[in-house]
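The sequence and structure are shown first.

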Amino acid sequence: MSTHNRISGQVYANLVVQGRDITIQQPVVPSKALSSLPPQPIFVGREQELASLLESLRAGSVVITGLPGVGKTALAVRAAHELRAEFPGGVLFLDLRGYDDTPLTPEQALTDLLTALGQPAPAGEGHYHSVLAEHPPLLLVADNAGTAAQVQPLLPGGHHRVLITSRHTLAELDARLLALDVLPPDQAETLLTDLLRQSGDDSREGPELAELVRLCGYLPLAIRITAADLAAHPSQTLSARVRALTDERNRLSALEFGPSLAVRASFDLSYRQLPPEQARMFRLLSVNPGEQTSTEAAAALAELPEFQAERLLSELARAHLIEPGTPWGYWRMHDLLAVYAAELPEDRPQALFRLIMYFGPAAEAASLHLMRSDRPADIQQAVDWLDLEHRTLLELVRIAEEYDQPVLILKLSNTLTTYLTLRHRVTELVWVSELAATAATALGDPRTAYLATQVLANAYTTAGRPADALACARQALALAGGLGPETEADALGELGGRLLRGKDFAAAAEAYQRQFDSCQRLGDQAGQVLALSGLGRARLAGGEPGGLDQCARAVAISRAIGDQVAELAGLRQLAEAQAQLGWHAEAAASWRQHLAVGQARGDRHSQTLSVLGLAASLSRLGETAEAISWAREAVRLAEGVANDYAVGTALGLLASLLRTAGEHEEAQACLLRALAIAERHDHQELAEQLRLDLD
């Protein structure tokens with residue numbers, strides 16, 4: 001920048017100047033603009049992003065965007081160093097301070113750039129563009145832009161290029177967008193290792209490094225702070241640093257290293273730019289304990305119409321404080337941003353209550369759809385929703401326990417047990433069922449306690465814990481004594497089933513006989529069918545062949561009274577009893593009858609069971625071709641009711657049949673698909689069997 005002095009009424013005498021009025025204009029001190037780039041920091045990975053950026057810069061200007069601390073400037077500086085030779089007009093680096101309290105104005109930025117180019121300033125945008133028109137190709141790195149308006153006048157066009165970094169998307173600019181994500185775990189660990197080596201510490205190794213970068217959220221800024229802290233304290237072990245970051249309440253405080261390196265301070269810069277409505281939505285999102293938040297849940301949290309909530313969420317995403325989730329309509333927040341948002345003042349208990357009030361009815365509706373086996377589309381929609389939201393629901397159950405809210409625990413757990421049983425999520429099923437049983441006891445309502453105890457018994461049975469299931473069944477029978485003979489009869493039937501699975505056949509037969517006698521006194525013929533079916537199975541298992549006659553009698557009674565639900569139960573017991581005796585032709589006939597009843601009812605759950613049993617019976621009869629056909633149908637039906645456990649079982653049976661038929665390639669594909677399902681849903685017993693079959 002040149003200096004302009006003006007002297008009026010002059011008298012010149014050699015080296016002496018005398019004047020009446022002397023005006024001296026000092027040069028304007030420009031903001032920091034560099035005609036050379038900052039030095040390159042340690043740079044790890046990002047090969048694909050760097051290659052894409054270099055290619056895009058050769059074609060036009062680019063905006064690198066991403067959340068605070070993700071490494072936008074580091075990537076921009078690396079790319080600029082790579083391209084220096086391609087820009088004979090030079091490379092300029094300008095920090096626009098877009099998120100500071102005093103961001104650079106477009107006028108200040110133009111002045112800085114013209115000064116760096118050796119031109120008089122201020123002279124305005126027109127002069128800037130005329131200078132660049134005569135200038136050799138130049139690359140401008142405009143770092144930390146806050147708005148499109150701040151950077152728009154700096155875009156030179158022509159053969160020049162601008163590389164912009166911003167926490168906002170700045171989609172209004174005529175520039176390509178490159179959205180930068182956090183580092184992959186392996187690259188994050190390498191960055192931490194390289195930073196430690198740079199400080200002279202190459203001795204810290206071990207599994208704690210992977211845990212450290214995970215706790216840093218794979219965010220480069222947080223990793224750099226962690227490396228600086230470790231380097232400054234050589235005696236600090238990696239385990240100690242892990243402990244310091246594990247507690248979410250203190251994590252952001254631990255991620256500070258002086259005023260220039262602090263995750264919280266970096267987030268503050270973005271948060272302070274938010275309008276009040278966006279800031280409130282940002283705070284409220286941290287109330288949701290799940291990994292993602294749907295637009296509908298966010299609207300419930302903020303007590304806003306859905307369209308307003310969606311607008312605010314989209315604006316937060318453009319500011320890279322959240323990001324779109326999967327599928328569309330869901331939103332995610334980086335772990336460290338979630339910790340930061342949770343520290344901000346907000347009425348969290350009230351917001352949490354609103355969230356539970358949203359999820360309760362939604363989960364209940366989904367659970368009811370799971371039992372509507374005549375409408376596969378509804379089942380799939382419900383399962384898809386619960387697949388996305390069940391972890392959030394589980395966390396809400398935990399929070400309801402923390403706040404000592406037994407009614408909320410029961411409300412949420414009742415909607416979850418059907419889904420968790422269907423998906424065979426055993427650990428979660430048992431945990432929820434145990435909490436529900438405790439909550440029911442706390443409420444002091446015997447009927448609620450009875451129902452919760454039976455649900456827990458089912459959970460223990462699903463988990464392969466027969467002794468615990470039997471203990472629950474005995475407890476339920478004790479509770480049923482004060483709830484009337486109908487409930488007591490039901491409890492006796494459940495007890496008989498637990499005893500039968502525990503192979504105490506005599507005790508099981510006694511329980512079923514008591515159930516039958518009670519149902520006879522009550523005139524409950526459907527109950528008699530269930531009791532006779534169980535009694536027949538128990539006696540047959542105990543070595544009394546006459547038990548088969550009781551199973552057949554149960555089916556006859558159910559048909560006489562026209563109760564298809566009871567008929568399905570009786571036919572299943574009959575088919576399984578016949579298979580137990582090795583009467584596979586008779587078992588196949590019973591399964592066909594079971595299938596016909598299920599089809600008449602539109603009950604796809606029972607049809608799935610029918611065709612699985614039928615395929616198994618036909619395979620034992622050597623009818624391989626027909627068995628394969630039914631096994632394929634079992635897969636289709638199980639998929640239709642979203643019963644992955646049944647899908648895996650059917651695929652395993654199909655693979656065995658295909659091997660028998662010599663179709664080894666398809667059999668192997670079925671086994672691999674079944675194993676993937678079993679592992680995804682933690683079906684350990686099924687997975688172990690499938691691995692043996694693969695070997």
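How much space lies in the largest cavity? The volume is about 110 Å³. The model is a predicted one.

## The largest cavity

Two cavities of 30 Å³ or more are counted. Rolling a probe the size of a water molecule over the atoms is what shows where empty space is left. The lining of the largest cavity consists of Ile42, Phe43, Val44, Arg46, Val70, Gly71, Ala74, Leu75, Leu183, Leu191, Pro220 and Arg224. By class, nine of these residues are nonpolar, one is polar and two are charged.

Two helices, H2 (72–83) and H8, each contribute at least two residues to the lining of the largest cavity.

## Helix H2

Helix H2 has 12 residues, which at 1.5 Å a residue should span 16 Å; the end C-alpha atoms lie 17 Å apart, in agreement with that figure.

The buried residues of H2 include Ala74 and Leu75, both of which also belong to the lining of the largest cavity. Lys72, Ala76, Val77, Ala79, Ala80 and Leu83 of H2 are buried as well. What covers the buried residues of H2 includes helix H1 (47–59) and the strands E6 (62–65), E7 (91–95), E8 (139–145), E9 (161–166) and E10 (176–179).

## The second largest pocket

The second largest pocket holds about 1500 Å³ of space. Its lining has 48 residues, and those nearest the centre of the pocket are Pro289, Gly290, Met333, Asp335 and Ala338. By class, the lining of this pocket has 22 nonpolar, nine polar and 17 charged residues.

Several elements each supply at least two residues of this lining: helices H7 (208–215), H10 (248–254), H15 (335–343), H16 (348–370) and H17 (376–402), together with strand E13 (330–332).

## Salt bridges within and between helices

There are 29 salt bridges in the structure. One of them pairs Arg197 with Asp194, with 4.0 Å between the closest N and O atoms. Both residues belong to helix H6 (residues 185–198) and are three residues apart, about one turn of the helix. An α-helix has 3.6 residues a turn, so residues three or four places apart point the same way. Arg197 has a relative accessibility of 46% and therefore counts as partly exposed. Asp194 is also partly exposed, at 24% relative accessible area.

Another salt bridge joins Asp229 and Arg241, whose closest N and O atoms are 3.4 Å apart. This pair links distant parts of the chain, 12 residues apart: Asp229 is in helix H8 (residues 220–232) and Arg241 in helix H9 (residues 238–246). Buried means under 20% relative accessible area. Asp229, at 11% relative accessibility, is therefore buried, and Arg241 is buried at 2%.

Which residue forms a salt bridge with Arg537? The partner is Glu576, and the closest N and O atoms of the two are 2.9 Å apart. Distant parts of the chain are linked by this pair, since Arg537 is in helix H24 (residues 525–541) and Glu576 in helix H26 (residues 564–580), 39 residues apart. Arg537 counts as buried because its relative accessibility is 14%, whereas Glu576, at 26%, counts as partly exposed.

Note on methods. Residues numbered from 1 in each chain as written. Predicted model: local features only at pLDDT ≥ 70, side-chain atom pairs only at ≥ 80, totals over all residues. Heavy atoms only, no water. Salt bridge = Lys/Arg side-chain N within 4 Å of Asp/Glu carboxyl O. Helix = DSSP H or I, 4+ residues; strand = E, 2+ residues; numbered from the N terminus. Buried < 20%, exposed > 50% of the residue type's maximum accessible area, 1.4 Å probe, protein only. 1 Å grid on protein atoms, 1.4 Å probe; cavity = no way out; pocket = protein on both sides within 12 Å on 5 of 7 lines; lining within 4 Å. Points joined across faces, edges and corners; volume = space filled by probe spheres on them. Nonpolar A, V, L, I, M, F, W, Y, C, P; charged D, E, K, R; others polar. Expected span 1.5 Å × (residues − 1). Contact = heavy atoms within 4.5 Å.
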